[in-house]
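Let's take a friendly walk through a protein together. Keep the sequence and the 3D view open as you read, and look up each part as it comes along.

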Amino acid sequence: MKTLKRLLLLIVLLVLGGGVYLLLNRTDPSPGTAPPLAGAPATATVLQRGEYLARAADCVVCHTEPGKQPFSGGVAFKLPIGTIYSSNITADPDTGIGHWSDDDFVRAMHDGINADGKRLYPAFPYTSYTALSRDDVLAIKAYLFNLPKVRQNPRVNDLSFPFDQRWAIGFWDAAFFKSKRFTSDSAQSPQWNTGAYLATALGHCAECHTPRNFAFALKNSQAMAGATLQGWRAYNITSDKTHGIGDWSDQALTQYLAQAHAEGHGTAAGPMGEVVQHSLQYLKPDDLDALVTYLRTVPAQVGSDPISIDRQPAALMAASAAAPGPADAEKATPGMQLFAGACASCHQWNGTGRETPYASLLGGSSVNDPSGQNLTQMILHGSDMHVADQAVYMPAFAHAYTDAEVAQLSNFVIAHYGGKTGSVTPKQVGERRQQQ
């Protein structure tokens with residue numbers, strides 16, 4: 001009798017749970033209306049619009065392995081629950097999405113469900129793309145389907161139980177996701193609404209710059225306050241004047257977004273460098289201006305690990321382009337000696353950069369962050385970008401220096417260019433070697 005009661009109770013719970021699951025996983029059927037974009041006017045062909053929108057959405061970075069065909073997938077996303085690999089989104093019918101209908105593609109973008117009815121992991125930012133209009137989603141599909149088909153089988157995700165159960169993502173969606181199209185704010189200017197659409201829907205800035213909770217969902221109460229993902233820090237881009245971008249001029253913000261560098265604010269690298277290289281540098285000036293207009297209004301947040309910029313640290317002010325100041329020269333620490341041998345010829349002791357402004361270290365967040373998160377990633381893995389019609393290159397030193405040497409070098413740079421005591425340890429450097 002007890003067994004029967006327990007069975008009946010289990011059935012009731014499953015029915016109730018299923019009902020709640022279906023209730024909370026309702027989708028928004030509306031097609032939505034996107035604000036006008038300078039780079040995707042109504043007069044453009046669907047392929048022209050699709051190309052611009054796909055670039056604004058930065059699709060190629062997440063769906064292209066280095067050295068492989070564009071959009072063929074296989075990029076690894078190392079998460080606390082395991083490793084997820086991006087899918088092939090070329091029009092190959094067997095290994096890509098060539099068999100997907102318009103409705104299939106829209107459902108994936110708006111609701112995170114693929115053509116086979118399986119839920120997508122939120123490493124794919126459908127949580128942001130859900131705000132895109134149907135017309136814009138289909139323009140992106142038209143562009144992708146017009147590109148060469150690439151036959152490349154998707155790599156199998158390496159996830160532990162129960163995270164390898166895709167059906168369970170439905171409960172995550174019920175708790176943390178809402179299917180809803182973008183709605184223009186009538187209280188704001190048309191330019192602001194365009195910027196909001198670019199930042200929140202297409203560019204999905206929050207996916208990197210907003211911290212996440214225990215379930216890997218965005219902490220919207222700390223929107224854009226900065227986060228760490230894939231071994232890199234995505235800095236605070238709220239309007240906070242000390243820890244965010246509130247004290248940046250419009251010109252500096254626009255230059256940074258379009259060229260990956262702004263005088264007195266450093267150079268983008270890592271994932272942000274990729275965003276500029278493959279996406280932001282292709283935005284039309286009016287759209288960049290709109291993006292800046294929106295970012296200006298993001299509520300100020302200090303963030304959980306704030307960075308303060310010192311633009312005139314004592315050691316830097318005492319240095320010339322060719323030599324360190326007397327105090328540094330007298331100390332001659334191991335970190336300073338490493339910098340003298342491998343870095344000074346490009347970056348110069350006063351941080352201005354010798355042959356290109358991209359080598360400038362003045363005012364950058366990476367050299368003002370005591371944890372040295374992005375600084376050590378740069379030292380270990382280097383940088384190779386093509387922006388503003390020029391190559392921006394820094395060699396990788398992962399094989400040249402030990403973990404202890406990279407830590408010493410990082411802490412010297414933080415002290416010299418940021419005026420702060422670096423906390424980088426050899427153990428941390430060893431861990432960061434594995435994060436790229």
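This is a predicted model: local features need pLDDT of at least 70, side-chain atom pairs count only at pLDDT 80 or more; totals for chains, interfaces and linings use all residues.

Is M224 buried or exposed? Its relative accessibility is 4%, and because buried means under 20%, M224 counts as buried.

Compare that with A388, which sits in the loop between β8 (383-387) and β9 (390-394). A388 is not a glycine either, and its phi is positive, near 50°. The relative accessibility of A388 is 31%, so this residue counts as partly exposed.

Now let's look inside the protein. The largest nonpolar core has 70 residues. Those with the most contacts inside this core are F105, L132, L202, L283, L291 and L295. Which helix gives the most to this core? That is helix α8 (residues 190-202), with 7 residues. Another core, of 29 residues, lies apart from the largest one, and L361, Y401, F412 and V429 are among its members.

Pick out L291 in your viewer. If you leave aside its neighbours within four places in sequence, L291 is in contact with G195, L198, A199, L257, L280 and L283. Next, turn to helix α12 (residues 285-295), where D287, L288, A290, L291, V292, Y294 and L295 are buried. What do the buried residues of α12 pack against? Their partners are α2 (46-56), α8 and α10 (250-259).

Our next stop is a sheet. Strands of a sheet pair through backbone hydrogen bonds, and this pairing can be parallel or antiparallel. Here 3 strands form an open sheet in the order β1-β2-β3, with antiparallel pairing. β1 (76-79) and β3 (158-159) stand at the edges with a single partner strand each, so one side of each has no neighbour in the sheet. Strand β2 (residues 82-85) is joined to β3 by 2 bridges, and T83 stands opposite D158 in β3.

Two prolines deserve a look while you are in this part of the chain. P80 is found in the loop between β1 and β2. With 81% relative accessibility, P80 counts as exposed. P80 and S160 are 80 residues apart in sequence, and their C-alpha atoms are 10.0 Å apart in space. The other proline, P162, belongs to the loop between β3 and α7 (169-176). A cis peptide bond joins F161 and P162, with omega at about 5°.

Finally, let's visit a space between the atoms. Rolling a probe the size of a water molecule over the atoms shows where empty space is left. In this model, the second largest pocket holds about 1000 Å³ of space. Its lining is made up of 41 residues, and S86, S87, N114, L120 and R166 lie nearest its centre. The elements that give two or more residues to this lining are α3 (59-62), β2, α4 (102-111) and α6 (134-145). Which of the elements gives the most to the lining? The answer is α4, with 3 residues. By class, the lining of this pocket has 24 nonpolar, 10 polar and 7 charged residues.

Definitions and conventions
Residues are numbered from 1 along each chain as its sequence is written. Side-chain values use heavy atoms; hydrogens and water are left out. A nonpolar core is a set of buried Ala, Val, Leu, Ile, Met, Phe, Trp, Tyr and Cys residues joined through side-chain atoms within 4.5 Å. Buried means under 20% relative accessible area, exposed over 50%, partly exposed in between (1.4 Å probe, protein chains only). Helices (H or I, at least four residues) and strands (E, at least two) are DSSP runs, numbered from the N terminus. Contact means heavy atoms within 4.5 Å. Two strands pair if DSSP finds at least two bridges between them. On a 1 Å grid over the protein atoms alone, a cavity is a set of points where a 1.4 Å probe fits but cannot get out, and a pocket is an open set with protein on both sides within 12 Å along at least five of seven lines; lining residues have an atom within 4 Å of a point. Grid points are joined across faces, edges and corners, and a volume is the space filled by probe spheres set on the points. Ala, Val, Leu, Ile, Met, Phe, Trp, Tyr, Cys and Pro count as nonpolar, Asp, Glu, Lys and Arg as charged, and the others, Gly among them, as polar.
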